[in-house]
Amino acid sequence: MALECTRCGSRFPMFPPHGLCEKCGGLLDYSLDLPVKHELKFLRHAGFWKYKPLLPPVKHTITLGEGGTPLHKANRLAKLLGLKELYLKDETRNPTNSYRDRAAALLTSNAIDLKHKTLVCASMGNLGASMAAYCAKAGVNCHIIVPKLVDVGKLAQMLVYDANIEEFGEFIDEAIGRAEALENEMGWYQATAELNPLAIEAQKTISYEIFEQFGVPDWIIVSMGSGGTLYSIWKGFRELERLGLAKSLPKMVGVQPEGSAAIVKALLKKLNKAIKIPKPSSKALALLVKEPMQSELAIKAIIESKGLALTVSDSEIFAAELRIAKFEGIFAEPSSAAEVAALKKLAKEGTLDKNESVACLITGSGLKATDILQALTKKKKTAVLGLEISTKEKILRILNNKDAYGYNLWEKLGKTMTRGAIYQHLTELYSKGLIASYKKDRRKFFKITQRGKEVLQAIDDLKILL
Ligand SMILES: [Zn+2]
């Protein structure tokens, strides 16, 4: 068992996990000796961790009850699209409402094995929210780097779980660079999905579940940001084939928004690696990438599986989002609704035979996405029941009510912490643009910003969900 370079084949120790080959700069991927078939039978009736024997060995098992998500047969949507068999793998049912909880469970467990007290993670949202929650559970400090454009609902989750949030760069590409620098400078555990191949290992369990729930679909449609998720699904099915369980393999379909299609463009030009798009744009924020780091893996998976890749427009994505909700009762985030938008195109042009089975991966909940949250705020709210709130959230609530100065806040927070700690929170809230300050009567007053108000609103919306 080793961590193996996907380009030159060099092998490295499994831990600590590294993303890139020291020799050629290629992407590293776990190569495991899989156990024989009968050993798996002891492990039924649990979620993610029942697949532990098929993952790189970790000692700790941090869990919030991730995995074991339903695979819905989407009859109404299938009929609408003229298909016989359509399945939706509903990853919104994970603890923080996205598939990244699987990665967070494995990565926090490994970070604790390796005795790290702090981890760093660059994220477009879902992974950050997941890591924040699992770090809270495990008692590990969580430093998240987010690009400028990130879904507010996901930011609200990170804030509630009390992660340290740093905004860096316009796109995920810059945030990843910052996470790499912090890993080297501070010695923190690297939990960025593009830099830690354990994320792929964790996500391949989605395929094991689809296989147990249905078998092997003829097609699987996965949206692509960095490309790592699509590869994870492919890797899972390849392993099931190697284990002698799966008799066939799915054709992989990769989907990107028109304005952020580095991988689709590379495939059209028959390149094995994406070319940089200087200014990607899409309302599906989780798919905004300039130069997808795992494009080689995604392209390899699409070609090996005899699949294909295509783009969809933002308006097609939002139409699909509403259609999934209206016909199947699942509120998907825009990035996964893109798959159903793509499916509509493929069914219409006859690329898919109507008798073939199709599965789409619903990666996360639509409640995490800004625009949807804003629409929701206009609706009536239900009461929030006794939820524990973080100090930062308390400060925001006090300031939302009335501007205050430091001593004021200390009193209102019940004098339970040092004033130094309060100033630390204020500094962090300030650096995230959630509060502003001004001078009055020779005192420094703090006030909530528009962005701060939006985050509070998003927190309220999330609490209706819980
Ligand atoms: Zn290499």
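Is G307 buried, partly exposed or exposed? G307 is partly exposed, with a relative accessible area of 23%. Buried here means under 20% relative accessible area, exposed means over 50%, and partly exposed lies in between, with a 1.4 Å probe and protein chains only. The model is predicted: local features need pLDDT of at least 70, side-chain atom pairs count only at pLDDT 80 or more, and totals for chains, interfaces and linings use all residues. Residues are numbered from 1 along each chain as its sequence is written, and side-chain values use heavy atoms, with hydrogens and water left out.

G307 sits in the loop between α10 (295–304) and β12 (308–312). Helices (H or I, at least four residues) and strands (E, at least two) are DSSP runs, numbered from the N terminus. Contact means heavy atoms within 4.5 Å. Leaving aside neighbours within four places in sequence, G307 is in contact with K251, M252 and I302. M252 is 55 residues from G307 in sequence, but their C-alpha atoms are 4.6 Å apart.

Now the whole chain. The protein chain has 17 helices and 16 strands. Its C-alpha atoms fill a box of roughly 75 × 50 × 45 Å, taken along the principal axes. The radius of gyration is taken over C-alpha atoms, and the globule rule is 2.2 Å times the number of residues to the power 0.38. For 466 residues, a compact globule would have a value near 23 Å; the protein chain has 22 Å, which agrees. Buried residues make up 58% of the 466 residues. Of the contacts with a separation of 6 or more, 68% are between residues 24 or more positions apart.

Next, the interior. A nonpolar core is a set of buried Ala, Val, Leu, Ile, Met, Phe, Trp, Tyr and Cys residues joined through side-chain atoms within 4.5 Å. The largest such core has 106 residues, of which L119, M131 and L409 touch the most other members. Helix α2 (residues 100–113) gives the most to this core, with seven residues. Apart from it lies another core, of 32 residues, among them L77, A284, V312 and A338. M131 touches A104, L107, T108, L119, C121, C142 and A191, not counting residues up to four places away in sequence.

Five of the five residues of β6 (residues 118–122) are buried, so the strand is largely enclosed by the rest of the structure. In a regular strand the side chains alternate between the two faces of the sheet. On β6, T118, V120 and A122 are on one side and L119 and C121 on the other, and all are buried. Two strands pair if DSSP finds at least two bridges between them. Five bridges join β6 to β7 (residues 141–146), and the two run parallel. L119 stands opposite C142 in β7.

What of the cysteines here? A disulfide is a pair of cysteine sulfur atoms within 2.5 Å. By this rule the count is zero. The sulfur of C121 has its closest cysteine sulfur in C142, 6.3 Å away, so the gap is too far for a bond. C135 also has its closest cysteine sulfur in C142, at 3.9 Å, which is too far for a bond. C121 is buried, with a relative accessible area of 0%, and C135 counts as buried at 1%.

An open sheet of three strands has the order β2-β1-β3, with antiparallel pairing. The edge strands are β2 (11–12) and β3 (28–31), each pairing on one side only. Four bridges join β1 (residues 2–5) to β3. A2 stands opposite S31 in β3.

Helix α12 (residues 334–349) has 16 residues and reaches 23 Å from its first C-alpha to its last. That is close to the expected 22 Å, the expected span being 1.5 Å times one less than the number of residues. Twelve of its 16 residues are buried, including P334, E339, L343 and A347. Just after α12, G350 takes a positive phi of about 80 degrees.

K392 lies in helix α14 (residues 391–401). At 3% relative accessibility, K392 counts as buried. Leaving aside neighbours within four places in sequence, K392 is in contact with L159, D162, H425, E428, L429 and K432.
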